[in-house]
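Here's a quick tour of one chain, from its overall layout down to a few side chains. Have the model open as you read.

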Amino acid sequence: MSSTASTALRARQVVELARIEARLESLGQLGVLVTAMRSMAAVRAREAQEALIGTQAFCATVDRAIASLSQLPGRKTPDETGAPVLLVITSENGFVGGFNTRIMEHVQEIRMPEERLVLIGRRGQILAGEMHMQPEVALPMTSRVSGVTQLARRATNRLMGATHARVVFAQHEKSGTYAVVHRSVLPLAADPPQNAAAAPPLHHLPTPELLDRLAGEYLFAEIAHALMESLACENNVRLLTMDAATRNIDSRFDKLRREERQALQEQTTSDMLDVIVGSEAVEGK
């Protein structure tokens, strides 16, 4: 091999080795970021799942209160004239795979033409624009359990005055997966559930006023529970996404390490050949 060709080969090997090392460094930094995001998703998913117990208990308490009043005289007949509302809960941030797409496709399937759209979550709002759906109200989705109460109050205030309302959200399942569901939250059920109190409760407010106040609490409880369900599902999906990303990074890291070893071996071989050729040249003089 000529001196010029040997120099060019060594230059290419140095460049290739530098490229591999740069990619390894970038991949390592990406791995640190993914690990941090995975840990955060795991913590928030666990917090939301634990908080679900509280939101379920609150919903059950309000249900029992309404059921105990359902047979009292003075209960108003539900208003049938108001425009119906569809409240949809999606995620604010990404790295959740097809989570928001599934929710918005479900909305397309079930939404009635006259339903006003209230949309929570920036990612869902982006998809709504792509699907030619215009929300009447758009709210940011919280990323923490501590933000659920305030967001539920804001959403409840937006729905106050509506006579018919449904909520679309992701419902957490024991297997760690989720199902996209919709639930009617207004009007209140006309018939009492089976666990209704046998004896009517004592109260000081007129029945219509008391039921109106309980209706607001019922709406808040259902929205808060749906938000908590969605938050748990979102972070479970993000956790699975980060797991897949970690496996992909590990696989690419192993491949780059093999390429690095091969490049080092080729560089070592070239160095040895240069030494041999140089020795032969010296001996031939």
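## A buried histidine

His106 sits in helix H2, residues 99-110 (helices are DSSP runs of H or I with at least four residues, strands runs of E with at least two, both numbered from the N terminus). His106 has a relative accessible area of 14%, so it counts as buried (buried is under 20%, exposed over 50% and partly exposed in between, with a 1.4 Å probe and protein chains only). Setting aside neighbours within four places in sequence, His106 is in contact with Val168, Val180, Val181 and His182 (contact means heavy atoms within 4.5 Å).

## Ground rules

This is a predicted model, where local features need pLDDT of at least 70 and side-chain atom pairs count only at pLDDT 80 or more, while totals for chains, interfaces and linings use all residues. Residues are numbered from 1 along each chain as its sequence is written, and side-chain values use heavy atoms, with hydrogens and water left out.

## The chain as a whole

There are five helices and five strands, and from the N terminus they run α-β-α-β-α-β-α-β-β-α. Of the 285 residues in the chain, 40% are buried. Among contacts with a separation of 6 or more, 77% are between residues 24 or more positions apart.

## Salt bridges

How many salt bridges does a search of the whole structure find? It turns up nine (a side-chain nitrogen of Lys or Arg within 4 Å of a carboxyl oxygen of Asp or Glu). One of them joins the side chains of Arg183 and Glu222, at 3.2 Å from N to O. Arg183 lies in strand S5 (residues 178-186) and Glu222 in helix H5, so this pair ties together parts that are 39 residues apart in sequence. Arg183 is partly exposed at 28% relative accessible area, whereas Glu222 is buried at 8%.

Other bridges stay within a helix. Glu16 and Arg19 meet at 2.5 Å, N to O; they are three residues apart in helix H1 (residues 3-69), which means a separation of about one helical turn. Glu16 is partly exposed at 31% relative accessibility, and Arg19 is partly exposed at 35%. Glu260 and Arg257 pair up at 2.7 Å, N to O, and both lie in helix H5, three residues apart, about one turn of the helix. Here Glu260 is buried, with a relative accessible area of 13%, while Arg257 is partly exposed at 34%.
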